Amino acid sequence: MLGLVKKLFGDQNERELKRLWKAVEHINSLEPSIEVLSDEQLKGKTAEFRERLNNGADLDELLPEAFAVVREASKRVLGKRHYDVQLIGGMTLHEGRIAEMRTGEGKTLVGTLPVYLNALTGKGVHVVTVNDYLATRDSGEMGKIYEFLGMTVGVNLPNLSHPEKQAAYACDITYGTNNEFGFDYLRDNMVVYKEQMVQKPLYFAVIDEVDSILVDEARTPLIISGQAAKSTDMYYMADHFVSKLTEEEDYTIDVKLRSVALTEEGVAKAEKAFGVENLFDHENVTLNHHIQQALKAHVIMRLDVDYVVQEGEIVIVDEFTGRLMVGRRYSEGLHQAIEAKEKLQVQNESMTLATITLQNYFRMYRKLSGMTGTAKTEEEELKKIYGLDVIVVPTNRPMIRKDIPDVVYKSVGSKFRAVVNEIVERHKKNQPVLVGTVSIENSERLSEMLKKKGVPHKVLNAKYHAEEAEIVSRAGQAGAVTIATNMAGRGTDITLGEGVAEIGGLHIIGTERHESRRIDNQLRGRAGRQGDPGSSQFYLSLEDELMRRFGAENIMGMMDRLGFEEDQPIESKLISRAIESAQKRVEGNNFDVRKVVLQYDDVMNQQREIIYKQRREVIESENIRDIVLGMMLPVVDRIVEAHCPADLVPEEWDLQAIIDYANGTFLHEGQLTAEELWGKEKEEVAELIKDLLTRLYEEREQQIGEEFFREFEKVVVLRAVDSKWMDHIDAMDQLRQGIHLRAYGGTDPLREYQFEGYEMFQEMIQSIQEEVSTYVMKAHVETNMVREAVVDEHEMATNAEPAVKKPTVNKQDVIGRNDLCPCGSGKKYKQCHGV
């Protein structure tokens with residue numbers, strides 16, 4: 001039935017290609033008029049296109065002429081003319097889709113067409129590659145076309161200095177790896193001055209080897225971590241101090257809000273005990289935090305009610321169900337404070353400072369596209385997660401590679417002996433052979449066997465990208481034998497040497513089926529490029545990982561019954577089909593794993609977007625008065641709501657508790673009395689406190705001076721948001737690790753994670769609001785004027801690289817006090833990190 005429908009209407013891919021071929025004819029018709037232009041006139045086209053965009057034209061209108069211009073520039077600069085099928089690939093990418101193009105069809109050159117067109121907008125185009133070598137190579141080679149046409153090209157590499165990164169992102173076109181673009185996004189949302197940011201808003205990305213980046217690497221989130229700044233000793237010291245305090249005299253308890261606050265007497269004792277002048281000063285933030293959490297651990301948190309001690313660890317008890325919430329930890333250091341209280345080992349691991357999955361990073365681009373030789377098998381995932389269609393672009397010349405059926409041996413030993421014999425036979429004819437292995441161990445095993453046979457060969461293990469690209473490019477020369485792990489030298493073309501086509505072209509040998517059909521297809525695709533002859537065959541054994549997982553025992557029994565010898569292979573379409581269905585099952589399982597990673601990260605992603613948006617607002621706004629008041633006033637609503645409930649008559653309201661809480665958070669003792677609140681409606685009580693708070697806030701603003709006060713507010717808000725958010729990420733991380741245990745209780749772990757994650761986020765927001773209220777109203781301004789990142793940049797590490805060593809400063813590089821600070825804040829060194 002499906003076949004009949006296709007015959008009548010053609011499939012979706014064919015219909016799309018038909019439409020694109022018409023556009024190709026239009027581009028080709030422009031070629032004669034573009035060819036006659038001088039170099040200067042051709043370069044001048046870029047300014048002309050930009051002018052037309054400014055006057056209201058859109059990119060689709062410019063596409064035919066822009067593509068024709070890039071094609072002509074490529075002819076002049078690189079001596080390469082884009083084939084018609086490459087124009088189809090270019091249009092597919094411009095439309096925000098994936099172009100599946102066979103190996104050797106010139107994907108890198110295809111990218112120049114949509115990249116140039118979209119870069120005309122000035123919004124920045126990112127070309128994403130799988131490693132730094134390819135980013136550097138492609139930006140150098142393809143950059144010649146862009147630069148000829150008057151565009152700027154940058155390369156975003158991991159160890160660039162701050163100004164170099166800003167310069168790379170300021171270019172029209174920026175090349176780099178998926179990891180580095182993602183980590184820069186996270187770092188940009190940790191800076192404290194807008195001048196320190198490097199990325200522009202994410203506009204258009206073209207991803208080379210898109211399946212590798214959006215599918216294979218999508219299971220591992222990007223993580224920036226740093227050692228938790230909290231010293232474990234401080235928890236024990238704070239615990240010792242609060243154990244000597246007395247209720248009412250030194251602190252007040254708010255049972256309804258489950259909070260506790262030091263009285264002025266308590267603050268004085270803390271200042272004396274720890275030898276500090278003002279507990280609310282910037283340098284004492286950590287100390288104050290530890291005391292508050294130790295107090296809460298002692299006074300509010302009760303053993304065997306809120307938590308239990310099991311095997312030397314604190315396990316939280318759900319207040320509603322009484323279930324043990326294994327894997328969940330209290331955030332903001334409260335868990336460590338309870339550990340100190342119970343005289344347990346205080347856990348101080350490295351903290352996750354920022355994290356995002358590649359799926360959520362790339363979904364932020366306004367337009368996304370990619371190219372690869374193998375995407376059709378993953379089309380469902382690419383469509384569901386990224387909204388990307390796959391268009392299979394026809395080859396420039398017919399493909400004549402012979403794919404020989406798989407052969408299966410009983411053991412790994414007999415399989416490798418057969419592979420070596422095949423290599424020796426083909427080497428005698430001088431035919432080049434490329435052998436793909438799934439592990440470095442197998443590469444080395446084959447290498448030893450070939451040495452014994454006296455066959456010269458090269459071994460590549462995807463470690464040294466530049467050298468390997470050079471060796472892979474020579475794998476098609478007569479007599480060459482190259483052993484490579486599947487990923488080695490990816491992105492490098494193999495050109496056949498002289499006379500090789502006459503003896504059958506490059507022969508590919510696969511030594512094991514990969515769990516993904518795409519990886520097998522990539523290996524095959526190394527032969528038969530651009531209509532070259534070539535062949536491929538896979539050698540398997542019943543002891544291979546994939547075969548063992550899916551019913552090798554049945555085949556083994558059958559081979560034994562039929563009397564197969566150790567070195568006698570079995571060739572059967574039935575086995576090939578069984579292998580393919582096993583691969584489909586594994587691909588389905590892997591998709592499910594990636595889907596689950598994304599579902600969990602989506603919870604964090606919504607929270608991340610809220611926090612990052614608010615953070616940017618704070619950094620980019622000149623005046624954050626409204627933001628600060630917007631944080632302080634809800635605190636008043638919450639305390640009034642808690643102590644003036646609707647089910648009590650006004651005479652039973654706990655007005656003193658409101659005053660105690662207000663004194664501990666944002667007022668000084670004596671500024672608010674119970675008499676003032678007595679006899680008022682709940683709304684009037686809230687309004688009176690808000691008016692008082694706003695008046696005191698304005699007085700403080702007048703007293704300090706508006707300019708100073710605005711900067712002071714930013715310091716306070718950024719510090720509160722960053723420290724609480726990092727604690728929250730850590731707490732969510734701990735929750736995520738233990739949440740799967742909830743499944744044993746018959747609940748859905750994802751639902752639980754979403755629900756508890758939301759609750760924890762609300763608690764964090766409230767905690768930020770309270771901290772901002774306290775510090776804005778109580779801290780000394782003079783000592784709170786320097787914005788500082790919660791974690792120093794040099795102490796951060798990513799899961800792609802270790803922490804960066806601090807750069808050594810040469811004598812001649814010493815920074816003068818009046819020089820601009822190298823952190824990128826735009827301030828003088830003496831007013832920033834030179835304080």
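This is a predicted model: local features need pLDDT of at least 70, side-chain atom pairs count only at pLDDT 80 or more; totals for chains, interfaces and linings use all residues.
A residue is taken as buried when its relative accessible area is under 20%. Val70 is part of helix α4, which spans residues 59-77. Leaving aside residues up to four places away in sequence, the contacts of Val70 are His82, Thr112, Leu113, Tyr116, Ile145 and Leu149. One of these contacts, Tyr116, lies 46 residues from Val70 along the chain, with 7.5 Å between the two C-alpha atoms.

Over the chain as a whole, 54% of the 835 residues are buried. The secondary structure comprises 29 helices and 22 strands. Of the contacts between residues at least 6 apart in sequence, 74% are between residues at least 24 apart.

Strands β9, β10 and β11 form an open sheet in that order, with antiparallel pairing. Strands β9 (307-310) and β11 (324-325) are at the edges, each pairing on one side only. The antiparallel pairing of β10 (residues 313-317) with β11 consists of two bridges, and Val317 has Leu324 of β11 as its bridge partner. Helix α14, formed by residues 334-341, lies across β9 and β10 and runs at about 120 degrees to β10.

Two residues other than glycine in this part of the chain have positive phi values. Glu311, with phi of about 50 degrees, is located in the loop between β9 and β10. The relative accessible area of Glu311 is 85%, and the residue is therefore exposed. For Lys343, phi is near 60 degrees; this residue is in the loop that runs between α14 and β12 (350-356). Lys343 is likewise classed as exposed, at 63% relative accessibility.

In helix α16 (residues 379-386), the buried residues include Glu381, Leu382, Ile385 and Tyr386. Viewed down the helix axis, the buried residues of α16 fall within an arc of 95 degrees, and so they line one face of the helix. An α-helix has 3.6 residues a turn, so residues three or four places apart point the same way.

Strand β20, residues 506-510, is mostly covered, with five of its five residues buried. Burial extends to both faces of the strand: Leu506, Ile508 and Gly510 are on one side, and His507 and Ile509 are on the other. Strand β20 pairs with β17 (residues 433-437) in the parallel sense through four bridges. In this pairing, Gly436 has Gly510 of β20 as its bridge partner. Strand β20 also runs parallel to β21 (residues 534-541), to which five bridges join it. Here His507 is opposite Ser535 of β21.

Two packed helices are described by the angle between their axes and the distance between the axes. For helices α24 (residues 625-643) and α27 (residues 682-704), the angle is about 145 degrees and the axes are 10 Å apart. The crossing of α24 past α27 is right-handed. On the α24 side, the contact involves Arg625, Val628, Leu629, Met632, Leu633, Val636, Asp637, Val640 and Glu641. The residues of α27 that they meet are Lys682, Val685, Ala686, Ile689, Lys690, Leu693, Thr694, Tyr697, Glu698 and Glu701. By residue class, the contact between α24 and α27 contains eleven nonpolar, seven charged and one polar.

Both α24 and α27 also contribute to the covering of helix α25. Helix α25 is formed by residues 655-665 and is mostly covered, nine of its eleven residues being buried. These buried residues are Leu655, Ala657, Ile658, Ile659, Tyr661, Ala662, Asn663, Gly664 and Thr665. Besides α24 and α27, the elements covering them include helices α26 (674-677) and α29 (749-778), together with strands β7 (251-254) and β8 (259-262).

Methods: Residues are numbered from 1 along each chain as its sequence is written. Side-chain values use heavy atoms; hydrogens and water are left out. Axes are lines fitted to C-alpha atoms, for helices over the stretch in contact, and angles run from 0 to 180 degrees between N-to-C directions. A crossing is left-handed if the near helix is turned anticlockwise from the far one by less than a right angle, and right-handed if clockwise. Contact means heavy atoms within 4.5 Å. Ala, Val, Leu, Ile, Met, Phe, Trp, Tyr, Cys and Pro count as nonpolar, Asp, Glu, Lys and Arg as charged, and the others, Gly among them, as polar. Buried means under 20% relative accessible area, exposed over 50%, partly exposed in between (1.4 Å probe, protein chains only). Two strands pair if DSSP finds at least two bridges between them. The arc is that of the directions from the helix axis to the C-beta atoms.
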